[in-house]
Structures are given as C-alpha cells and as structure tokens.
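Visitor: I have a protein structure to look at and would like to talk it through. Could you guide me?

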Amino acid sequence: MPPDTEKYPNKKQTFRRRLDKWLLAVRQTPQVIQMAWRAWPVGTIIVPILTITAGLLPAISLYFLKKVIDGLILWTGGNPEAGRQMVFLFLSLEIVSLLLRHGFDFLIQFVQTVLESRLRFCIQDRIMNRAIDLDMSFFETPAFYDKLQRAQREVGFRPFSIIISMVQGAREAITLIGYLAVIVILAWWLVPYLLVASLPALIVQARFGWEGWMIASGRTPKERQMSYLQRLLTSDRDIKEIRLFGLGEYLAKRWKDLFWEFYRQDVQLARRRRLAEFGAVVLETLAYAGFYAYAIYCTVTRPAVTIGSLVMYTQAMERATGSVGLIMKSIANFYENSLYLSNLFEYLAQKPTLTAPAVPKPVPLPIRKGICFEEVTFRYPGASVDTLKDISFEIPGGCRVALVGENGAGKTTLIKLLARLYDPQHGRITVDGIDLKKLDPVEWQQNLGIIFQDFSRYYLTARENVGFGDLAHLDDLSRLNAAAKLSGALESIERLGKKWETTLGKMFDEGHELSLGEWQKVALARAFFRESPILVLDEPTASLDAKQEYEIFRQFHDLTCGKTTVLISHRFSSVRMAERIFVIEDGRLVEQGGHEELLSLNNRYAELFNRQAAAYR
C-alpha cells in the first residue's frame, strides 16, 4: 500500500511549528523579565531569592525526620539517653525548618501579589499607549481588533504566570536535587528511572497546552462577536431600538449559539486532556510502586539501610516524584502561557506608520498661501475601491470653504486626510507649499479645531467635555464659558446641578443625560475652545433644530473671522455662507466656485440645491 503523502508533511509541519513555539517561548523570556523589572525591580529580585531559598528546606527537613526516626529506634532499642537527645535535637530542628518554610511561603505570597498587581498595571498601560500611538488605519481592520482582544485577554495573569512558572520550576529543581542526593545513595540508576517516569506528564501538558492555544487563537473573531452582542443587550444607547423592534431574543440566541459552540470545544478538549493526564498519573504511580518495592527489598537485605533510611528514601522518592511533576507542570505552564503571551508581544510590536520626520518643519502660522490637495487618491485599509480619486483643489488661507455632496461621496475622508489621521496613497497635501508629511503630525493637529459628524460623548464632567479641546486650559472658566456661549451649550450647562462639574451621561452615579442636540452643542464648544487657526466643522448642526442652527450661523462670520474654515453640511442655508464651495461626487471633485456662480452653471450643485429648496416650497 503506498504511503499517505499528505500526512507526513502535515506532521512534519506541526512538529516544526511546535518547535518554533518552544524557541519563541525561550526568546520571549527576557522580555517578560524586563516587564517585571519595569513594574517592580525590588519584587523581581526578592521573589526568586525567597522562592529558591525556600526550595532548600524540604530536603533538609527530610534529613531531620530520618534522624528523629533513628533516634526513636535507638531510644527504644537499648540506648535511651542517646536516643532521647537525638530525638529532641532533630525534632527541634524539624520544627524550626517547618516554621521557616511556612514563613517563607507567606512572605512569597505577599510579594507575588504586589508584583502581580504592578505587572498587570504596567502591561495594561503599554497596551493603551500602543493604541494611542497607532494610526487610524489600524482601527479600520478586523485583524487589529483580534490582536487587541487577544492582548487584552492575556494581561490578567499570563506574564506573571510565566515568571511564577520559572521561579517555581527553579525552586522545585533545587528541592529535587536535594531529594536526588538522598536517592542516589540507595542506587544511582533510580535518578534516570524517576525522570523517565515523569516524561509522560510533560508531553501531555505541552500537547494540550498547544491545542488549547490553537482553539483560543482561532475563535477570537467570534469572541469579539460575542462581546459585541453582549454590549448591544446591555447598552443604554441600543436598548430602545432592541425593545422597540423585539430584537432581544434574536440577539440573545446568537450569543447563546456562540457560547455553546465554545462550550463544546472546551468540554471536548478538557475530556481528552483529563484522560491523558490520568494515563500519565497511572504510569507515574506504577513507577513509584516499583521503587517502593525495591526500597523495602534493600531494607530487608542490607543492614546499613535502617527503618529511618527506608522512611527517608521512600519519602524522598515520593517527594521527588512530586517535585518532578511540579517541574514538568511548570515547564508546560511556561510553554502554554508563552503561546498566549505571544499575542501580547505581537500587538505591542505594531509600529505606527504616520510618524514625524527626523527634522520636522515648523507649522506655518498664520497660513498665508493656503492648503492645497494635489491629485490626492485614497483607499481605506481592506477596501476594494478608492474613496477619493485624483482630487485637486486649494483652500486659500483665512478663507471659508464648504464641501458639498451626498452621503459617502468622500467629504469626511478629505477632513481625515487634512487632519493627517491618514496619508493618501497617491498625491500630497500641502500647507503654504509644505507637504504635511514634513510636519510633526502632533504639532499640526494641535492647530486644528474639529468637530466630526460622529462626535465623541465623554461620560465625564461638562468641564472636561469642552476643555478637552485644549487640555492646557482645561480649568480656564472664562474660556470655557466663551466657547460654550458661541456653540449655544452654555444655557444647558448652567441648568445642571453642579454646572461645569456635572458628569454628563447616565453611565455613572449623579450623571445627567443630554439630548442629542445638547451633546452636539457641547462637541461644537470643544472645537471652538481650541481657538485654532484652522476650523473644521463636519455637519456641526445636524442634530440642532432650525432656531438653534440659525443662532449659530448668525455668528458664523464672527466665529470664523481670520480662520481657515472648512464646513461640511447638507443644509444649503449654511453652505451658502462659504466663500468657496467644492462639490464632491463619488470621490471626485466635480464642481467648485461661489454659491451664485454654481447656481448659474445649473449643474450638480444647482440640482442638489433646488432639490432641497423644493421641500420648503
């Protein structure tokens, strides 16, 4: 029968992958130790010292036990005085040894608790900082969220577990050496006998650790779906529609289906793992029984092997077997935790692509020539078509311009490129002739006051919601009042119980919920609070009623005086206030000019304007 040509390569590839993971675990170890050192240098030194020192005590204690038993035999066998002295001396030493072991254990547990908390904080801090540093493009891909969720999942205990596995493994190795030093007196070949008998446990632990990691890594996208469904069913923002449309049972069923799918995988793996572990324990027990029989035989046939020696040898073998088992378990845990921790390092290894040049040029202030889009083409990560296609136009410095077009035309994308949240794939954007890529992106963004259509709602104080526009002046009450007055938010804030110190939203105690229009006024105030030379308003009045919109745009010229202003709006009553209008359609610039000029062309802008005007006739 010809050999199966498919199976052998697969087995070979699986072996290679597992070997690579072992090597990866070893390579990651210095990084884990470095993390622990950053979290708490003192604890990183104390934990291994205490743990390894405690590992020396069991073998010493076992020797004291042997001497106590030998003393008892001597006491009852014809030399009571010498036996009594021997018993009391070594019994006292045994008690001291036990007290030291317990003292070390309690101290180790305390230090480990502190180190674990500090390490968890340190890693979570690195995860959040990495998210802050990464470009917007990362947040557009499901693969990034898979990495983020896997990294978040491992923060709790994996790094600390690796450190504990190494430390406990070292402790048990030292303890084992002491036991082996006792066993080798009986017969040298018992040492390899013991080690071979313990190998099945290591093989089982490593194999099923690998399988568990493969299962967990493969189902991350579905775990995110499960988390999303859970948020939908428990979110105050979504519960209204879910109740209204009767979606609760449907969404809950989808969540349950995913849960039971994971449950079946976990139970099947656990059943196979426990059976394999039981088989390994049976082999280990049979090996121990063989040693026990040999030790009894030696006690009967060798005068030098006393009853105390028999107790010492059998106890040494039993405890050595336990130590080997713990060492094997530590190695397996180290391997398994390293597999999962590779997710964290994979996430942390991501680097932002939008970086500041080595020697950035200063941001030109004030802007004189203007901002220029030159043949700009852009496609979102993972998209199959370009969102923007060969767009070129100029925004003169200090000019008010408007972007007009139907939903999905690419208007907001232009703003994201202007803010350098992304870089175009082709073409460039310049300010006074300087490519944005030659500026420090952080410095450039600090000169932009932006409100996006999907503005953020911070469930924090009203002061923070507005003051986040310029953190340096977060406590400047006069500026806060001025920005809120310009946006129309001041009246709502003055009605709040604690005014500026009132928490907005209902997520936390004593929070006050705002209407959608009030939230938009707060977001608009945040953009005004920055007092930046460039103002970008993306549908700034979409959630306001006609009166509120009128009040804001009545001040539009004053609000934007001296600023380079970009307005996106579907309301032509707002758009007509701009000095220049750009019409975007399907990612292309199809028209540009003033309001009256574009109406006279009787083209796309006129069509959109007349369609909206017809609704009011």
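Pockets, cavities and helices

Visitor: Into which classes does the lining of the largest pocket divide?
Guide: The lining of the largest pocket has 20 nonpolar, five polar and eight charged residues. Please keep in mind that this is a predicted model.

Visitor: What volume does the largest pocket have, and how many residues line it?
Guide: The volume of the largest pocket is about 1300 Å³. Its lining is made up of 33 residues. Nearest the centre lie Leu421, Gln445, Phe452, Tyr458 and Arg530.

Visitor: Which elements give two or more residues to that lining?
Guide: They are α3 (80-133), α12 (441-445), β6 (448-451) and α16 (516-529). The largest share, four residues, comes from β6.

Visitor: And the second largest pocket, how much space lies there?
Guide: The second largest pocket holds about 430 Å³ of space. It is lined by 24 residues, and Asp105, Gln168, Arg171, Glu172 and Leu326 are the ones nearest its centre.

Visitor: Which elements supply at least two residues each there?
Guide: For the second largest pocket, these are α2 (41-76), α3, α5 (158-186) and α10 (307-348). By class, this lining has six nonpolar, eleven polar and seven charged residues.

Visitor: Moving on to enclosed spaces, how does one look for them?
Guide: Rolling a probe the size of a water molecule over the atoms shows where empty space is left.

Visitor: How many cavities of 30 Å³ or more are there?
Guide: The count is three cavities of 30 Å³ or more. The largest cavity has a volume of about 50 Å³.

Visitor: Which residues line the largest cavity?
Guide: The lining of the largest cavity consists of Leu417, Arg420, Tyr422, Asp423, Pro424, Arg428, Ile429, Asp435, Leu436 and Lys437. These divide into five nonpolar and five charged residues, with no polar ones.

Visitor: Now the helices. At what angle do α6 and α9 pack?
Guide: Helix α6 (residues 190-218) packs against helix α9 (residues 248-301) at an angle of about 175 degrees, and their axes are 10 Å apart. The two helices are therefore roughly antiparallel to each other. Their contact has 16 nonpolar, six polar and six charged residues.

Visitor: Is Ile203 buried or exposed?
Guide: Ile203 lies in helix α6. Ile203 counts as exposed, because its relative accessibility is 56% and the cut-off for exposed is over 50%.

Visitor: How far apart are Ile203 and Asn343?
Guide: Ile203 and Asn343 are 140 residues apart in sequence, and in space their C-alpha atoms are 23 Å apart.

Visitor: What about Pro48, where does that lie?
Guide: Pro48 lies in helix α2. With a relative accessible area of 24%, Pro48 is partly exposed. Between the C-alpha atoms of Pro48 and Ile69 there are 33 Å, and the two residues are 21 apart along the chain.

Visitor: One more helix, α14. Which of its residues are buried?
Guide: In helix α14 (residues 477-487), the buried residues are Arg479, Leu480, Ala483, Ala484 and Ser487. Seen down the axis of α14, these residues fall within an arc of 130 degrees, so they line one face of the helix.

Visitor: Which exposed residues does the face turned away carry?
Guide: The face of α14 turned away from the buried side carries the exposed residues Ser478 and Lys485.

Visitor: And what follows α14?
Guide: Gly488 follows α14, and the phi of Gly488 is positive, near 90 degrees.

Notes:
Residues are numbered from 1 along each chain as its sequence is written. This is a predicted model: local features need pLDDT of at least 70, side-chain atom pairs count only at pLDDT 80 or more; totals for chains, interfaces and linings use all residues. Side-chain values use heavy atoms; hydrogens and water are left out. Axes are lines fitted to C-alpha atoms, for helices over the stretch in contact, and angles run from 0 to 180 degrees between N-to-C directions. Angles under 35 degrees count as roughly parallel, over 145 as roughly antiparallel, 65 to 115 as roughly perpendicular and the rest as oblique. Ala, Val, Leu, Ile, Met, Phe, Trp, Tyr, Cys and Pro count as nonpolar, Asp, Glu, Lys and Arg as charged, and the others, Gly among them, as polar. Buried means under 20% relative accessible area, exposed over 50%, partly exposed in between (1.4 Å probe, protein chains only). The arc is that of the directions from the helix axis to the C-beta atoms. On a 1 Å grid over the protein atoms alone, a cavity is a set of points where a 1.4 Å probe fits but cannot get out, and a pocket is an open set with protein on both sides within 12 Å along at least five of seven lines; lining residues have an atom within 4 Å of a point. Grid points are joined across faces, edges and corners, and a volume is the space filled by probe spheres set on the points.
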